[in-house]
Amino acid sequence: MSNTPDPSTLTPEELITELATRGRTAQRKLARIGDERKADALRAAAAAIRQDEAAILEANAQDLSEAEARGLSGAMLDRLKLDAERLDGIASAIENVASLPDPVGEEISRSEAPAGMTLVRRRIPIGLIGIIYESRPNVTADAASLCLRSGNAALLRGGSEAVHSNRALHAAFVKGVSHEGVPEDAIQLMPTQDREAVGAMLKAAGLVDMIVPRGGKGLVARVQEDARVPVLAHLDGICHTYIHADADPEMAREIALNAKMRRTGICGAMETLLLDSSFDASKDVLAALLEAGCELRGDERAQEIDDRIKPAEDEDWDTEYLDAILSVAVVNGIGEALEHIAEHSSGHTDTIVTADDAAAQRFLDEVDSAIVMHNASSQFADGGEFGLGAEIGIATGRLHARGPVALEGLTTYKWQVLGQGQARS
């Protein structure tokens with residue numbers, strides 16, 4: 001292993017300069033490594049994670065014990081927890097990334113300039129990407145694999161609640177890829193949990209090329225406020241499911257249950273259910289959610305359907321609960337549904353359930369979110385489920401990338417100009 005700098009001997013700014021300089025040097029070497037060798041390195045990393053299962057799960061057990069002692073919520077503990085099945089899923093996700101086409105070097109377009117030169121736009125890595133994340137140790141492997149496959153170096157900074165899990169996963173990953181000749185400094189894990197080091201990382205313009213925050217609203221808001229480096233992120237996951245008048249009742253019930261209750265603590269979980277006033281099976285859908293243990297907070301018309309529903313406050317429509325709590329509103333048709341979503345959606349993922357193709361197309365066209373779905377649970381808002389192998393995060397901005405950000409989103413491009421001796425007059 002490379003000699004990790006001792007953070008106790010350096011200021012936060014000196015530490016980030018040292019790590020970023022190493023990462024940038026490693027990235028230049030990584031950029032010269034071919035497609036198959038990068039894929040082999042990722043397969044070796046997946047194998048190393050499987051081989052080190054016992055050590056990784058032991059580290060995760062330590063994190064869970066400390067998190068429970070600190071009173072973390074059930075949703076946060078679920079995000080943190082690893083078991084043999086989840087760890088195998090992490091390794092499989094790395095192998096999926098290895099099997100994907102390498103985006104680096106892809107020709108995006110070719111044209112001829114007025115002066116006769118050939119103009120080629122070709123994909124290249126972004127450079128050194130800083131990833132700041134909380135709770136979910138799988139991000140360590142997902143981010144590392146996506147960055148490596150797309151030719152980028154990564155500087156990872158996980159949350160303190162997962163520090164032991166992240167270190168164990170990172171050690172296994174680096175052990176695997178280094179056997180295939182990938183520079184160890186291409187994937188670095190911050191050697192300190194000092195928040196001042198995060199601040200230095202956010203201000204390291206010219207050293208860090210892009211920041212990707214993954215975590216709660218407080219983390220993302222701080223990153224977006226303090227960063228002097230471009231940020232790729234989403235702030236909230238206020239996801240809506242609209243059950244249209246022509247929805248199949250059984251489908252509507254199953255999608256609503258899955259969208260909310262499969263995993264309540266993920267960013268693609270439904271936070272607001274919109275029921276069309278002409279949908280006949282609203283009572284059954286609400287009863288299924290209540291019986292599954294979900295607290296419902298609704299407007300007056302929703303409360304009239306089931307008296308177990310608590311009254312919603314104004315802030316409920318703009319709250320990402322990340323828990324078994326759901327806001328419910330009754331709307332008069334698709335127009336009202338679209339208005340509610342336009343006012344309250346965070347632009348992450350919004351869904352319509354309907355058998356009416358015209359209504360579905362209107363919803364898909366008019367909802368301005370990164371992901372818009374028809375007859376599917378919002379819990380599918382995930383790079384792995386999109387066939388991207390994994391994701392480094394969901395982006396809701398309008399520049400560079402939107403939705404699940406995977407290999408293509410971790411590249412930029414350059415122009416290559418091929419002349420025959422042209423000189424500009």
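How many nonpolar, polar and charged residues does the lining of the largest pocket have, by class? The lining has nine nonpolar, nine polar and twelve charged residues. Here Ala, Val, Leu, Ile, Met, Phe, Trp, Tyr, Cys and Pro go down as nonpolar, Asp, Glu, Lys and Arg as charged, and the others, Gly among them, as polar.

Before going on, keep in mind that this is a predicted model: local features need pLDDT of at least 70, side-chain atom pairs count only at pLDDT 80 or more, and totals for chains, interfaces and linings use all residues. Residues are numbered from 1 along each chain as its sequence is written, and side-chain values use heavy atoms, with hydrogens and water left out.

Back to that largest pocket, which holds about 810 Å³ of space. It is lined by 30 residues, and R136, N138, R262, R263 and D382 are the closest to its centre. Two elements give two or more residues to this lining, α5 (84–99) and α6 (138–149), and α5 has the largest share with seven residues. (Helices, H or I of at least four residues, and strands, E of at least two, are DSSP runs numbered from the N terminus.) As for what counts as a pocket: on a 1 Å grid over the protein atoms alone, it is an open set of points with protein on both sides within 12 Å along at least five of seven lines, while a cavity is a set where a 1.4 Å probe fits but cannot get out; lining residues have an atom within 4 Å of a point. Grid points are joined across faces, edges and corners, and a volume is the space filled by probe spheres set on the points.

The second largest pocket has a volume of about 390 Å³. Of its 21 lining residues, R123, L407, E408, G409 and T411 are the closest to the centre. Strand β16 gives the most to this lining, three residues; by class, the lining has eleven nonpolar, four polar and six charged residues.

Y413, W415 and V417 form a nonpolar patch on the surface, with about 330 Å² of accessible area together. Patch members have over 30% relative accessible area and no salt bridge; like charges are joined within 9 Å, and nonpolar side chains (Val, Leu, Ile, Met, Phe, Trp, Tyr) within 5 Å. Areas come from the Shrake-Rupley method with a 1.4 Å probe, and for residues only the protein chains shown count as cover.

The largest cavity holds about 230 Å³, and R79, R214, G215, H234 and C267 are the closest to its centre among 22 lining residues.

R214 turns up again in a salt bridge with E391 (3.8 Å, N to O). That term means a side-chain nitrogen of Lys or Arg within 4 Å of a carboxyl oxygen of Asp or Glu, and the count comes to 29. Both R214 and E391 are buried, where buried is under 20% relative accessible area, exposed is over 50%, and partly exposed is in between (1.4 Å probe, protein chains only).

Finally, salt bridges that share partners join E295, R297, K310 and D316 into one network.
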